[in-house]
Amino acid sequence: MSDIKNIISGCLKGNRRDQELLYRRHAAKLYAVSLQYAGNDEEARDILQEGFIKIFENLVHYKYEGSFEGWIRRIIVNTALEKYRDKHYLYRVEDIYRIPEPDAEPDNEDYAGLEATDLLEIIRELPPKYRMVFNLFAIEGYSHKEISKMINISEGTSKSNLSRARVILQRRVSSYTGLKKKAING
Amino acid sequence: MDNRRANIDLVFRNGLKDYEVLPPSEVWNTIRPVIRKKQKPFIILRAAAMIAVVLSLSFLAYRWSMEISSPGQENNTVAQAPESEAPAGNVPAEVIQPAAGTNVRLPVIADASFQDMKPEISVIPGSELIAIQNIIYQPENGRVLLNNRGTLRQGVPVIGRVVPESINLEEAEPLYQPAIPVKNQSDRWSVAALVSPTYYTNIYSGSDDLGAREISDEQALFSYSGGVAFSYKINKRLSVQSGLYYSSFGQELSGITSFGGFRPYDYTKGDRNFEVLTASGIVYTNNADVFLSDNLSDSRISTRYTNDVFDPAKANLQFLNNSLRQNFSYLELPVFLRYKIVDKTVDFNIIGGLSSNLLVNNSVYASLDGSKYQVGKTEGLSLITFSSALGLGMEYSFTNNLSLNLEPTFRYYINPFSEISGLKIHPYSLGIFSGLSFRF
């Protein structure tokens, strides 16, 4: 903790070494978060860049309460949310994606074969609204009430989006694990 | 079904929990200039605020000195007093009997109300009324004299009586001695003790991008300067000033981690195990017990003990600090000229000149729990450097001999403390000297 305190203190003094050290320590994890929320790599880079600028600007408000990693992650998520709101996803995703129920639910053993890169790839294939709701609910732990306020939708829509996101993800997971098994078995 | 769906949440939450993807290198290059740009206005604002404070203080001090040094302005209140309050024909006063031909000493002229003067006004047989128009104020020496050559005009407030035979402008006794000490023109010498907090930094130019990057990451430490100054007044406005000052300043080299207890692992001869590139020259270790590593860059430290050769974590060395502190001290011998631009109770001077600076201390240390752990020295520092200075001096006189001084001063170092190939580094400093001076 004293180490991060020293780095934060250096950043607040405008010390570029400490700024770079802070970036190098957290950039990889936060870039993964950005990729999880972004539609493409360029958008993820923008989220990371804007998020880090906000982190440096708001370091003075960090009160050393709770984990620093959690604090900077929230800033990145909020930056992703702002980007999402700016894009005004106006189309009705329900009309575009007719999601069939999966034929069979994959079991836990199927999940075990998936790596983080596979999971990221699957999650990024989701339509933006589903991806945002799933990320906020399943990964960040926000409630439907909170999500409804965050992205200006009703609680019912949030629940519905989450449900559809889960269906898509299960289907993708099944097809991924199926492909993997085929590849392994030849 | 719900459980299964919640299960997929866990799969993604746990699977992505510690996932890391290295971002493209250009991302940091786009963040860095934005942060730097956003920091610059703060520096400019700070400097602007400082200048504004100094100018405001100067203005207030000037106004204040003007008010104190112009008692004639207060006399205006007498002159503007309504006639009804001080009728010429109705001077209520006690009658006393002084010796014939004695001058009448007026009470405090600055009193606004004639009523206030009542108890001290004397009426002498054969005396005349004195009008405000016959009061002569001499701004050059701050004295007030009576002139009996004027005639009393109707409607002009009367402030006292005087025996006509006793008044002569040339021989007149001063009626008003100003509270402000009149400076003795013969006090040509003065000695002052001054001290100042100093902000010290560098501006640099050149083609060495790597060097420029290393240097731009160094942070100035709190600096101070103080000493004794002697000055000799050549004429009323111009003085020459010299003296002896001690100044201490330095910078923090962040990102360089230091450890103690390295001596048992030091298998090479000599103490110079590490060299660190800095704006002020190469820092070398002269303490074999110290181990250094750079967390941020592989270009600042030169050593045989690289990470693949020695791991301080495995050796269980004692951690000292995440940064090194580089400190320099100089004895300064200035030769300044002071030109007085305002000569009032608060004097204002323009100060400019040159100073030769002799290096007396050069150390690099790591700070551990408030104590210093000696690491080494900076190599190649010039023993003598020269600096130019420009400042604004404010001087408030308490008495004829004692004054309070406040001198915001900008110093530019003509030759840098050391040379780095491909880079021109121009140090400068800003300080506000304050202290007391004694004239004799």
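User: How are residues and chains labelled, and which parts of the model count?

Analyst: Residues are numbered from 1 along each chain as its sequence is written, while chains are lettered from A and ligands numbered from 1 in the order in which they are written. The model is predicted, and local features need pLDDT of at least 70, side-chain atom pairs count only at pLDDT 80 or more, and totals for chains, interfaces and linings use all residues.

User: How many helices and strands does chain A have?

Analyst: Helices (H or I, at least four residues) and strands (E, at least two) are DSSP runs, numbered from the N terminus. Chain A has ten helices and zero strands. Chain B has five helices and 18 strands.

User: Where does chain A touch chain B, and how many residues take part?

Analyst: Two residues are in contact if their C-beta atoms, placed from the backbone, lie within 7 Å. Here chain A gives 39 residues and chain B gives 31 residues. On the side of chain A, the elements giving two or more residues are α1 (2–12), α2 (16–37), α3 (41–58), α7 (116–124), α8 (128–139) and α10 (155–185). The largest share, 14 residues, comes from α2(A). By class, that side holds 21 nonpolar, eight polar and ten charged residues. For the classes, Ala, Val, Leu, Ile, Met, Phe, Trp, Tyr, Cys and Pro are nonpolar, Asp, Glu, Lys and Arg are charged, and the others, Gly among them, are polar.

User: How do I read the packing of α2(A) and α3(A)?

Analyst: Two packed helices are described by the angle between their axes and the distance between the axes. Axes are lines fitted to C-alpha atoms, for helices over the stretch in contact, and angles run from 0 to 180 degrees between N-to-C directions. The axes of α2(A) and α3(A) are 9 Å apart, at an angle of about 135°. These two helices are therefore oblique to each other. Angles under 35 degrees are roughly parallel, over 145 roughly antiparallel, 65 to 115 roughly perpendicular, and the rest oblique.

User: Which residues meet there?

Analyst: Among them are A:Y23, A:A27 and A:L30 in α2(A), and A:I47, A:L48 and A:F52 in α3(A). The contact has eleven nonpolar, three polar and no charged residues.

User: What about α3(A) and α4(A)?

Analyst: Helix α4 spans residues 68–87 of chain A, and its axis comes within 9 Å of that of α3(A), crossing at roughly 130°. α3(A) and α4(A) are therefore oblique too. Their contact has six nonpolar, three polar and five charged residues. Buried residues of α3(A) include A:I47, A:E50, A:G51 and A:I55, and these four residues also take part in the contact with α4(A).

User: Is A:V133 buried or exposed?

Analyst: A:V133 lies in helix α8 of chain A. This residue is buried because 27 other C-beta atoms are within 10 Å. Not counting residues up to four places away in sequence, A:V133 touches A:I147, A:S158, A:N161, A:L162 and A:A165. The C-alpha atoms of A:V133 and A:A165 are 8.1 Å apart, although 32 residues separate them along the chain.

Conventions. A residue is buried if 20 or more other C-beta atoms lie within 10 Å of its own, exposed if 12 or fewer, and partly exposed in between; C-beta atoms are placed from the backbone.
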